[in-house]
Amino acid sequence: MNPATASLSRKDIRLSFEFFPPKSAEAEGQLWETAIALSAYAPGFMSVTYGAGGSTKAPTLATVRQLLTMGLPAASHLTCVGATKEEVHAVVAEFQAVGVKHFVALRGDPPGGVGAAYQPHPDGYANAAELTAGLHGLADFEISVSAYPEKHPQSADVAADIDMLKRKVDAGATRALTQFFFENDDFERYLERVRKAGITIPVVPGILPVHNLAQVQKFAGLCGASVPGWLADRLGPVDDRPQERAAVAVELAIRQVSDLIAHGISEFHFYTMNRATMVSAVCDGVGFARIDRQRATGAAA
Ligand SMILES: Cc1cc2nc3c(=O)[nH]c(=O)nc-3n(C[C@H](O)[C@H](O)[C@H](O)COP(=O)(O)OP(=O)(O)OC[C@H]3O[C@@H](n4cnc5c(N)ncnc54)[C@H](O)[C@@H]3O)c2cc1C
């Protein structure tokens, strides 16, 4: 544990954890274990991704429902690509029926993948700002949205990105979760521009402890994030030694989070890859307080 920050209490820090719907019975068991383990940090919410075009609707719904049944604060991602407004509303009603009150509202990638041209459905929501407004009109949902410290690959420039974030906030979003990044300076610069644009909602850094360097490099290339040379230089040499690789990845993530805390950031969204070990090691290493696990998961767990 980092002695400088050893007593970071739940009052000081707010955490959230992102999962994806499991694809097998074994993966499902691992996810519940992960969720229970991470509930020890009293997260504000645990969100579950939703495949663009509704490809994971049933598994996302099942995952969110199970987390809620376990007494955990589940939120659902929701995308609007390829759907009419009515179809989106029907999905929202299904999630609402199992108790979802918090959505991460996203446009989603085009069916052809990140690089393909985006074609809004003629009867659908054209972007996440419109989706946010639509959700806001349906019920009193908590709505989080995306943000891109290194710019969304489709955006002409950072100004266009920030303009879209402003539209999402004006439509009712109360929190932005960022794409993962590794250079805190990129985030600080972005945040400064966001604040200058009059956006005051929390912009929560997305933290990705690196499980697999090659996978992260590939994904980063697709979503417009960069993997700095120093990160590859540290992780590359230990790539075939899983324990050392994990130790280095944890050390780098602790350093990143601790530096952001030193710069006044108090909320963090972790991309967990459905695994608890590294994220817990980062949380413990930074000094985030744990609570009693039984209290965290409630009597239903
Ligand atoms: C925290 C987080 C969670 C995510 N979860 C999921 C998930 O669960 N499922 C999933 O499928 N994807 C997910 N994504 C990825 C996301 O769907 C893609 O990045 C998608 O391409 C954009 O969705 P958005 O909501 O960010 O779009 P928007 O906020 O609508 O737009 C993002 C940016 O792209 C630009 N843009 C949008 N449309 C156009 C256009 N037609 N032409 C030019 N520029 C345009 C805008 O300037 C804007 O700044 C997530 C991303 C983040 C950061």
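**Cavities and ligand shell**

The structure holds 2 cavities of 30 Å³ or more, a cavity being a set of points, on a 1 Å grid over the protein atoms alone, where a 1.4 Å probe fits but cannot get out. This is a predicted model, in which local features need pLDDT of at least 70 and side-chain atom pairs count only at pLDDT 80 or more, while totals for chains, interfaces and linings use all residues. Residues are numbered from 1 along each chain as its sequence is written, and side-chain values use heavy atoms, with hydrogens and water left out.

**The second largest cavity**
- The second largest cavity has a volume of about 40 Å³, a volume being the space filled by probe spheres set on the points.
- Its lining, made of residues with an atom within 4 Å of a point, includes Y148, F180 and C223.
- The lining residues of the second largest cavity divide into 6 nonpolar, 2 polar and 2 charged.

**The ligand**
- The ligand is surrounded by 23 residues, the closest being D109, S146, Y148, D161 and K168, where near means that a heavy atom lies within 4 Å.
- These shell residues divide into 9 nonpolar, 10 polar and 4 charged, with Gly counted among the polar ones.
- The largest share of the shell, 4 residues, comes from α5.

- A polar side-chain atom of R107 lies 2.6 Å from a nitrogen atom of the ligand, and a polar backbone atom of G108 is 3.3 Å from a ligand oxygen atom.
- The protein covers 84% of the 970 Å² of accessible area that the ligand has on its own, as given by the Shrake-Rupley method with a 1.4 Å probe.

Methods:
1 Å grid on protein atoms, 1.4 Å probe; cavity = no way out; pocket = protein on both sides within 12 Å on 5 of 7 lines; lining within 4 Å. Polar contact = N/O pair within 3.5 Å; in protein donor to acceptor, adjacent residues only side chain to side chain. Helix = DSSP H or I, 4+ residues; strand = E, 2+ residues; numbered from the N terminus.
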